Amino acid sequence: AGLPNQIATQMEGCEFLIHLGDIMGGDIPCEDERYIHMTDLMLLSDVPTFIVVGDNEWNDCGNNQMIDLAWDKWTNYFLNFEDKWNHTFPVVRNVEYPESFYMLQKRTLIFGLNIVGGRVHDEIEWERRHTAQADWVKTV
C-alpha cells in the first residue's frame, strides 16, 4: 500500500520522481520477481522516474556471487529507468559508473550517486568507487 499510494497521491505538480534506493527490504531475497514487482510499481508513476541503487537490492544480497547476480539484475531492470518515459531532462551519466547521474533542472543541480552502503565485500573496490564518485562530483 505504501509506495503505490504515495505515487497515486503525492505526485501532483511533480515533474519527476527519484527513488533513493533500498527498493526492497533488507530481509527479502534478491530474486527476479522482486525486481519485476518493483518495476511494475515504479511504472505507476505518471512522471519520469529515476532510481538510485541501494544496498538492499545489490550489496546486501549475500555472498560475492550473489551480489554480482544482484548487480546484473539491478542494471537490467533499473539502469536508465527514466527512459521508459518520454522526457527532455538533460541527464548526464557517469561513464565509469553509469548508475550515477546528474541533471540541472530549474537552476537546481540534482545528483543520483552510487554511494555504497551495507556490507563491505571488497574494501579496495568500495574505496575506489567512493573516491571516483567524489571526484566526478567535483568535475561538475
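User: Is glutamine 105 buried or exposed?

Analyst: Glutamine 105 is buried, because its relative accessible area is 16%. Buried means under 20% relative accessible area, exposed means over 50%, and partly exposed is in between, using a 1.4 Å probe and protein chains only. One caution: this is a predicted model, where local features need pLDDT of at least 70, side-chain atom pairs count only at pLDDT 80 or more, and totals for chains, interfaces and linings use all residues. Residues are numbered from 1 along each chain as its sequence is written, and side-chain values use heavy atoms, with hydrogens and water left out.

User: Where is glutamine 105 found?

Analyst: In strand β4, residues 101–105. Helices (H or I, at least four residues) and strands (E, at least two) are DSSP runs, numbered from the N terminus.

User: What does glutamine 105 touch?

Analyst: Glu15, Phe16, Phe89, Pro90 and Ile110, leaving out residues up to four places away in sequence. Contact here means heavy atoms within 4.5 Å.

User: And leucine 104, buried or exposed?

Analyst: Leucine 104 counts as exposed, because its relative accessibility is 51%. Leucine 104 is also in strand β4.

User: OK, new topic. Which residues touch the most other members of the largest nonpolar core?

Analyst: Tyr35, Met38, Ile51, Trp74 and Phe78, out of 26 residues in that core. A nonpolar core is a set of buried Ala, Val, Leu, Ile, Met, Phe, Trp, Tyr and Cys residues joined through side-chain atoms within 4.5 Å.

User: Which elements give two or more residues to this core?

Analyst: α1 (2–9), α2 (32–42) and α3 (64–78) do. Helix α3 gives the most, with six residues. There is also a second, separate core of six residues, including Phe50 and Met103.

User: Back to the largest one. Where does tyrosine 35 lie?

Analyst: In helix α2. Tyrosine 35 is buried, since its relative accessible area is 0%. Beyond its neighbours within four places in sequence, tyrosine 35 is in contact with several residues, among them Met24, Cys61, Trp74 and Phe78.

User: And what does tryptophan 74 touch?

Analyst: Its contacts include Tyr35, Ile51, Val52 and Leu79, again not counting residues up to four places away in sequence.

User: Which residues are linked in a network of salt bridges?

Analyst: Glu96, Glu99, Glu125, Arg128 and Arg129. Arginine 128 lies in helix α4 (residues 123–139) and glutamate 96 in the loop between β3 and β4, so the pair ties together parts that are 32 residues apart in sequence.

User: What about arginine 129 and glutamate 125?

Analyst: Their side chains form a salt bridge at 2.9 Å, N to O. They are four residues apart in helix α4, so about one helical turn separates them. Arginine 129 is buried, with a relative accessible area of 7%.

User: Last one. What is the phi of arginine 107?

Analyst: Near 65 degrees, a positive value in a residue other than glycine. Arginine 107 is in the loop between β4 and β5 (108–112). Arginine 107 counts as exposed because its relative accessibility is 82%. Asparagine 80 has a positive phi too, of about 60 degrees, and is not a glycine.

Notes. Salt bridge = Lys/Arg side-chain N within 4 Å of Asp/Glu carboxyl O.
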